[in-house]
Amino acid sequence: MKAEDDKTRILNDHCLMAYSGEAGDTGMLTRSFGRGKVQFAEFIQANVQLYGMRSNCTQALSPSSVSSFVRTELAKSLRSRKPYNLNLLIGGYDTVNDKPELYWLDFLAAKDKLPYAAHGYAQYYCLSILDKHHHPNIDLEQGLKILRMCIEELDRRMPMNFKGVNVKVITKTGIQDLEY
Amino acid sequence: MDPFSINGGACVAMVGKNCVAIACDLRLGKQTLTISNNYPKIFSYGDTYLGLTGLATDIETVSTDLRTKVNMYRLREERDIEPETFTNLVSSYLYQRRFGPFYVSPVVAGINNRTGEPFIAAFDCLGCTDYSKDFVVSGTSSNQLFGTCESLWEPGLEPEDLFETISQVLLNSMDRDALAGWGAHVYIITKDQVIKRLLKTRQD
Amino acid sequence: MAYLHTANIISDFPPSHHHHTSAGPFVQHQITPYTNNGGTILGITGEDFVVLAGDTRHSEGYSINSRTEKKVHRLGKESSLVLATVGFGADALDVVETMKRAVEDYKFHHNKEMSPPAAAQLLMTILYSNRFFPKYAYCILVGIHAGKGVLYSYDVVGSYSKSGERRAAAGAASDLIVPFLDNQVELKNQYVPYAWEEEIPVQPLPMEKVRRLVKDAFTSATERHIQVGDGLQIITVAASGVGWGVSEEMYELKKD
């Protein structure tokens, strides 16, 4: 996987999925590898959109519905011949209830709604920082400040050097790419 | 890597005098790392309550599948499902996966709507039902729960005393299990009301 | 050539099963050095006394070897020291014998009884001297020191707390008993009613209450653990004035 690969997928106007795991499962590797042509991330992206169209709602799928759909697919895969080895974070803005939401899913398809979450080594480096500094009423600016603390910590303490981060912000107006 | 103890958790149900109680912890972990301290393991199906411990992904799958089944039952029967019937439903549902089981240990608690009799039961992951007249336990703290239940529980407890007993049982058992804890939910179920309480616990 | 292939045998230690299964010249007979003989022990201190108890079932797998095998031992006729051991019966008894001999030896040389802190340190030395082939014996050592009941508990290689403990349980059903003790002896999770998160202060328990708790703990453990039952041996060491006294009570447990 290349360093500058974007490991996120936009699922709909207010829903973004970030993933990490086996390269083949994310859809980044040459398509002929592993199983099938379309791998999980792309499969989910397409199917969330399809599912949204089929249920002919005027509104797009809510983050909670998207996360349920993704979980079901991941759970199906878990007991299949070759399960996806993929950990996910789904961030979204519930435009109906006017609330931002974050879902944590691991490759076993365990799902939980959390105020802040991480996967892989970032859990060990960042969760304590988030435990200390996050509280329910922070605004975007404070959020980004805490994020910066997390990334600085990763930069300082991680044995291997990671080549930068992609930061995307989801608000009620949609998803924006942030210069970082 | 035992699927029953990756995520951790504890659940216990008890019978009292014309009442039942069911309680669970709130931890969701990945081995030793705690992911969440707000992951309830008790689900209500009308007036019948189900506690699920084990692999988190299967807790979600089983609880939602049963929700579908109970909703269908309610539509057909035009009434809530009784705890005894629900127990049979859970049992047969789990046994359908005999050779590729869901890694969960369910616990059922409720009061029969017609007879008013308290009812509790527990299962293994294949659906073998364990009916009990006193208490049932499940989860990574099951040994501790058995020890404390056996020594603190007594027959004929009134709702408030049953609450105290089940709370002490769960709290002290959780504190001796690194994989369970971080908050708890307790339900006290009587014929005409259900009280849900959130317990403040040690955060380690 | 193959007959003198000794280097292979040395490098194959501990011997693996599949290595010598072919009809070679060497047949390695493997012995299992440990057996789990079940059982549970439990000790609780009071202000000026200490109670040490153990069930009397001795089992191996699903078989019961004995219903009357005592696990709690006095370390000398004139000594307040009492030692309880569980785990592998033979190792457990060996630890007790070694301690008894050392306590007697100490009295012969110094013309006084060994103090509980000294015995505690000695027990650690004995257990740790077997660090690389441990005695499979979990120990609880109690005695009267300066008019107070003291209790020390050990893992198989001798880790213990010099300052002693208020209570300890070890063996098959310790999982079942320990949280009960947390609750009833240390009063964990117990708060003063209608006060704002004020913990109930821990005070030393009276002897009758302690004996009651010990019996409750064991009847409960017997109910839910197959390796616990038959009989309960309760030894109480009480300081009376400047001296002390030791008494033993036997209590029936279920035999199923």
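How many residues lie between strands E5(B) and E6(B) in their hairpin, and which residue in the turn has a positive phi? Two residues separate E5(B) from E6(B), and B:Gly46 in the turn has a positive phi of about 70°. This briefing describes a predicted model.

**Arrangement of the chains**

- Two pairs of chains are in contact, and chains B and C share the most contacts.
- Chain A and chain C are joined by no contact, and their closest C-alpha atoms lie 24 Å apart.

**Chain A: overall composition**

- Chain A contains five helices and seven strands.
- Read from the N terminus, the elements of chain A follow the order β-β-α-α-α-β-β-β-α-α-β-β.
- Chain A has 180 residues, of which 40% count as buried.
- Among the contacts in chain A with a separation of 6 or more, 53% involve residues 24 or more positions apart.

**Chain A: the five-stranded sheet**

- An open sheet in chain A consists of five strands in the order E1-E2-E3-E4-E5, with antiparallel pairing.
- Strand E1 (8–12) and strand E5 (111–113) of chain A stand at the edges; each has a single partner strand, so one side of each is left without a neighbour in the sheet.
- From one strand to the next, the twist of this sheet averages 20°.
- Strand E4 (residues 99–105) of chain A runs antiparallel to E5(A), and three bridges join the two strands.
- Within this pairing, A:Leu105 has A:Lys111 in E5(A) as its bridge partner.
- As a general point about such elements, the side chains in a regular strand alternate between the two faces of the sheet.

**Chain A: a pair of packed helices**

- Two packed helices are described by the angle between their axes and the distance between the axes.
- Helix H2 (residues 40–54) and helix H3 (residues 63–78) of chain A pack at an angle of about 130°, and their axes are 11 Å apart.
- H2(A) and H3(A) are therefore oblique to each other.
- The crossing of H2(A) and H3(A) is right-handed.
- H2(A) contributes A:Phe40, A:Phe43, A:Ile44, A:Asn47, A:Val48 and A:Tyr51 to the contact, while H3(A) contributes A:Val66, A:Phe69, A:Val70, A:Glu73 and A:Leu74.

**Chain A: the residue A:Phe69**

- A:Phe69 is found in helix H3 of chain A.
- Is A:Phe69 buried or exposed? A:Phe69 has a relative accessible area of 13%; because buried means under 20%, A:Phe69 counts as buried.
- Apart from neighbours within four places in sequence, A:Phe69 is in contact with A:Ile44, A:Asn47, A:Val48 and A:Tyr51.
- A:Phe69 and A:Ile44 are 25 residues apart along the chain, and their C-alpha atoms are separated by 8.7 Å.

**Chain B: the hairpin and a helix pair**

- Strand E5 (residues 42–45) and strand E6 (residues 48–54) of chain B run antiparallel and are joined by four bridges.
- B:Ser44 has B:Tyr49 in E6(B) as its bridge partner.
- Helix H3 (residues 142–152) and helix H4 (residues 159–174) of chain B cross at roughly 145°, and their axes come within 9 Å.
- H3(B) and H4(B) form a right-handed crossing.
- The residues that make this contact include B:Leu145 and B:Cys149 of H3(B), and B:Val169 and B:Leu170 of H4(B).

- Four strands of chain C form an open sheet in the order E5-E6-E7-E8, with antiparallel pairing.
- Strand E5 (72–74) and strand E8 (148–154) of chain C are the edge strands, and each pairs on one side only.
- The twist from one strand to the next averages 20° in this sheet.
- Strand E7 (residues 137–145) of chain C pairs with E8(C) in the antiparallel sense over seven bridges.
- C:Leu141 stands opposite C:Tyr152 in E8(C).
- Helix H3 (residues 116–128) of chain C packs on the sheet and touches E6, E7 and E8 of chain C; the direction of H3(C) makes about 165° with that of E7(C).
- Helix H2 (residues 89–110) of chain C lies across E5, strand E6 (82–87) and E7 of chain C, and runs at about 160° to E6(C).

Key
Residues are numbered from 1 along each chain as its sequence is written. Chains are lettered from A and ligands numbered from 1 in the order in which they are written. This is a predicted model: local features need pLDDT of at least 70, side-chain atom pairs count only at pLDDT 80 or more; totals for chains, interfaces and linings use all residues. Side-chain values use heavy atoms; hydrogens and water are left out. Buried means under 20% relative accessible area, exposed over 50%, partly exposed in between (1.4 Å probe, protein chains only). Contact means heavy atoms within 4.5 Å. Two strands pair if DSSP finds at least two bridges between them. Axes are lines fitted to C-alpha atoms, for helices over the stretch in contact, and angles run from 0 to 180 degrees between N-to-C directions. Angles under 35 degrees count as roughly parallel, over 145 as roughly antiparallel, 65 to 115 as roughly perpendicular and the rest as oblique. A crossing is left-handed if the near helix is turned anticlockwise from the far one by less than a right angle, and right-handed if clockwise.
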